[in-house]
Amino acid sequence: MSTATATPPVAKPERSGLPSWAIQGLVSVSAIVLALLVGAILIIVGDDEVNAAVKYFGAAPMDTISAAFSAVGEAYQALAVGAIGGITPISESLTQATPLICGGLAVSLAFRTGLFNIGAQGQLIMGAILAGYVGFAWHLPPVLHLIVAIVAGLIGGAIWGGMVGLLKARTGAHEVIVTIMLNYVAIYLLQWLLTTSTFQRPGRADPISPIVDANAQYPQFGDTRLHVGFLLALVAAVFVWWLLNKSTIGFELRAVGANADASKTAGMSVGRAYVVAMVVAGALAGLAGTQQVLGTDLPLTDGVAASVGFDAITVALLGRGTPLGTVLAGLLFGALNAGGLQMQLITQTPLTLTTVLQATIVLFVAAPALVRSIFRFLPKDRGAGAILAKGWNG
Amino acid sequence: MSDVTVQDTVPAAAPAAIEAPADRVRRLRVGGLMLVFALIGLGLAIFTKGGEATFQLVSGDLQNNLLGLPAQPVALLLGALGVLAAVAYVLRRVPQKYSGWLAIVLGVCFIGAFLCWAAAGKTFPLANQFQGTLNFATPLILGALAGVLCERAGVINIAIEGQFLVGAFTAAVVASTTGSAVAALIAAAVSGVLMALLLAVFSIKYLVNQVVLGVVLVVFATGITGFLFDQFLQEDAAKLNTPDVLSAVKIPGLGDIPFIGPILFNQTALVYLTYIAVAVVTFVLFQTRWGLRVRAVGEHPKAADTVGIRVKRVRYSAVLWAGVLAGLGGAFFTVGYAGSFTKEMTAGNGFIALAALIMGRWHPIGAMVAALFFGFATQLQSQLQIIQTPIPGELLLMAPYLATIIAVAGLVGRVRAPKADGEPYVTE
């Protein structure tokens with residue numbers, strides 16, 4: 001066939017030379033660098049040696065500066081070693097990343113459908129409640145018990161998420177408000193259950209359940225805390241990728257997310273998309289709940305969710321709503337959490353520094369214009385639109 | 001009173017025959033919900049034990065000023081009255097414009113019947129109940145007012161929780177180091193404004209999605225106050241984290257009114273500031289030029305721009321003023337109530353404030369009423385634990401959140417946000 005066919009050349013959109021994903025990657029890396037700088041300032045302000053040296057800053061300014069550099073260097077070195085310096089740190093990072101990835105996927109999937117799922121926390125708790133209950137109250141053969149417990153967790157999350165989708169589809173109730181409220185309902189439900197004889201461990205007065213059966217626990221890798229739940233998180237990411245990019249319903253979800261009115265005109269059911277997205281998102285968060293209760297914690301406590309459900313939002317934002325991005329963001333935040341613990345042990349820098357780092361990273365990622373105004377060399381990304389800027393009535 | 005004429009000509013016994021299908025559906029939905037509550041109230045009354053329910057009318061006084069009521073007869077009376085109100089609503093037995101009062105009657109009857117049931121044969125500290133309601137509600141009211149100002153101007157504020165935390169932290173530190181309550185409140189307000197500035201710059205200038213931004217700012221505030229607490233306040237608690245709690249100031253005259261006087265008018269300066277804030281925000285928003293502009297840029301920024309209003313400037317000013325209120329609300333947690341700062345001490349109150357503003361339909365008075373209701377539920381939970389009722393406290397703590405979901409699901413009237421709420425304004 002001749003190459004000089006009649007097909008007209010496709011008009012290429014004007015680009016700055018780099019593909020969109022590369023620019024987004026650059027912005028993300030720049031955001032991380034900026035966040036580390038903000039963190040460095042906090043470390044310097046909080047360091048005793050620096051504060052001692054500042055008192056004679058006029059006489060010997062270099063003392064202050066070198067103290068500052070060594071404080072920051074030691075803290076970040078401890079952070080890095082605690083995150084990736086060997087088998088144990090790496091396994092710890094992956095353990096921390098596991099529920100963050102699943103929770104992040106729950107937020108990402110809803111995000112792509114045009115929904116803000118602030119409710120991963122509540123969905124995770126409901127998943128943990130059901131999975132934990134099946135884990136310690138039922139006694140089933142190996143393998144089967146784990147599977148049943150996981151399914152129970154998925155169902156718990158799916159119900160909690162599905163309610164949000166259903167309310168949105170049927171009454172137009174805004175999902176942000178409903179999910180925030182359901183988070184608290186779930187927390188109080190868990191706290192109440194842990195005072196009942198069904199859930200509370202016999203002989204205990206504090207809110208803790210019996211330990212889940214060995215048959216219902218995720219098998220662990222060697223003598224690390226890392227468990228098979230991590231592999232399930234990766235499987236979940238592949239599943240979300242397949243769902244969004246290869247399936248018919250996924251196409252509908254993305255279409256509704258891009259333009260609900262147009263999708264409706266094209267004959268798609270917007271309400272159904274909302275329900276499906278929230279059911280699957282809830283199940284993903286429920287999976288994170290099973291990972292916490294069947295893999296990491298083992299008894300169910302009122303702290304089972306920690307702040308995973310909220311961190312999941314930042315993970316999804318950093319991952320820009322894509323499965324791969326969410327996995328990478330989950331790994332980064334998991335590493336920060338694990339490294340932060342070591343940093344606190346070795347250099348007495350509080351673990352809360354990592355919370356600041358995570359918030360700052362996402363803040364910068366969400367405002368690429370700000371990052372560009374600091375790092376002037378970054379090209380403008382024409383491919384990226386503003387993320388879903390809409391309000392309560394949207 | 002111009003809209004009275006048409007309605008008043010219709011006699012109460014024969015309601016207007018014509019009703020839009022949508023109104024009918026709403027009436028039946030709301031009426032159904034009211035009936036459910038009325039029947040629960042009546043059920044509680046039926047299961048009320050005999051004996052006397054004693055209500056304590058002066059806080060801490062167990063001997064005098066007690067109100068003894070025969071528990072079951074009173075509960076039955078209130079329960080029946082509640083059912084009557086619900087039935088009247090469903091059957092449209094009162095003119096449309098009074099139908100809202102039926103819901104209020106039902107609410108009062110329900111709570112009354114509930115209290116009779118809970119307090120039968122016991123002593124219920126009624127004065128403490130209202131005192132505590134006001135304590136819990138004060139920061140909620142301030143936070144919700146902050147939210148009202150932001151969202152009326154078209155900027156979603158989910159970060160109230162973060163502003164609370166920073167305000168609470170700053171107030172504690174400044175009160176400890178300077179020993180001055182005034183300085184502490186001013187510092188808390190300034191810190192609230194700084195958080196608001198982040199919200200404003202990122203949403204108005206950098207067009208960051210405001211829900212994202214709110215979530216991230218809460219995480220940021222949690223992290224930064226947690227870091228500073230770990231790094232400084234814990235090491236040097238005696239110097240940095242021992243603020244004096246504001247002392248109550250009795251207003252002469254008003255404070256002597258029986259029952260409500262000590263509750264409403266023997267409070268700290270922060271509570272009085274809250275009363276003033278409700279009045280001022282309501283007045284400013286609905287009676288001044290600036291308020292009109294705020295509402296205009298929140299509803300239709302383009303139209304506002306066309307008539308020469310500087311949309312972004314108005315939004316900045318609304319968000320920053322809201323920061324003052326949220327910062328003061330945060331101060332309540334430390335210098336207004338608990339004293340020293342602890343990590344994440346605001347415990348989700350910022351989100352309850354958000355709920356209150358939505359329940360209150362983006363109106364300052366409505367937000368205040370919703371905040372008082374939430375405060376009432378929270379206080380009732382701790383009171384019922386003391387007098388030991390079979391109701392788990394956790395279920396009562398859920399009440400504000402469930403009520404908000406019911407409200408936004410449209411079961412109780414339409415809840416509508418300002419039209420341009422959350423949408424950044426971009427000029428071509």
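Does A:Gly172 count as buried, partly exposed or exposed, and what number of C-beta neighbours inside 10 Å decides the matter?

**Entry 1: the loop glycine**

I began with A:Gly172, which I found in the loop between helix 6 and helix 7 of chain A. With 14 C-beta neighbours inside 10 Å, A:Gly172 counts as partly exposed, where buried requires 20 or more other C-beta atoms within 10 Å of the residue's own, exposed 12 or fewer, and partly exposed is in between, the C-beta atoms being placed from the backbone. I also looked up A:Gly271, which is 99 residues from A:Gly172 in sequence and 9.5 Å from A:Gly172 in space, C-alpha to C-alpha. I note that this is a predicted model, in which local features need pLDDT of at least 70 and side-chain atom pairs count only at pLDDT 80 or more, while totals for chains, interfaces and linings use all residues. Residues are numbered from 1 along each chain as its sequence is written, and chains are lettered from A and ligands numbered from 1 in the order in which they are written.

**Entry 2: two helices of chain A**

I take helices (H or I, at least four residues) and strands (E, at least two) as DSSP runs numbered from the N terminus. For helix 1 of chain A, 27 residues at 1.5 Å a residue should span 39 Å, and the end C-alpha atoms are 39 Å apart, which agrees; the expected span is 1.5 Å times one less than the number of residues. Among the buried residues of helix 1 of chain A are A:Ile23, A:Val27, A:Ala31 and A:Leu42. What covers the buried residues of this helix includes helix 2, helix 3, helix 12, helix 14 and helix 15 of chain A, together with helix 8 of chain B.

For helix 13 of chain A (residues 323-347), the 25 residues should span 36 Å, and the end C-alpha atoms are 35 Å apart, which agrees. I found 18 of the 25 residues of helix 13 buried, so this helix is largely enclosed by the rest of the structure. A:Gln348 follows helix 13 of chain A and has a positive phi, near 60°.

**Entry 3: where the chains meet**

I then turned to the contact between the chains, which takes 46 residues from chain A and 43 residues from chain B, two residues being in contact if their C-beta atoms, placed from the backbone, lie within 7 Å. On the side of chain A that touches chain B, helix 1, helix 6, helix 7, helix 12, helix 14 and helix 15 of chain A each supply at least two residues. By class I noted 32 nonpolar, 13 polar and 1 charged residues on that side of chain A, with Ala, Val, Leu, Ile, Met, Phe, Trp, Tyr, Cys and Pro counted as nonpolar, Asp, Glu, Lys and Arg as charged, and the others, Gly among them, as polar.

**Entry 4: chain B**

Chain B has 17 helices and 5 strands. Its radius of gyration is 23 Å, close to the 22 Å that the globule rule gives for 428 residues, so chain B is as compact as a globular protein of that length; the radius is taken over C-alpha atoms, and the rule is 2.2 Å times the number of residues to the power 0.38. Buried residues make up 52% of the 428 residues in chain B.

Strand 1 of chain B pairs with strand 2 in the antiparallel sense over 5 bridges and with strand 3 in the parallel sense over 2 bridges, where pairing needs at least two DSSP bridges. I noted B:Phe55 opposite B:Leu67 in strand 2 and opposite B:Phe124 in strand 3.
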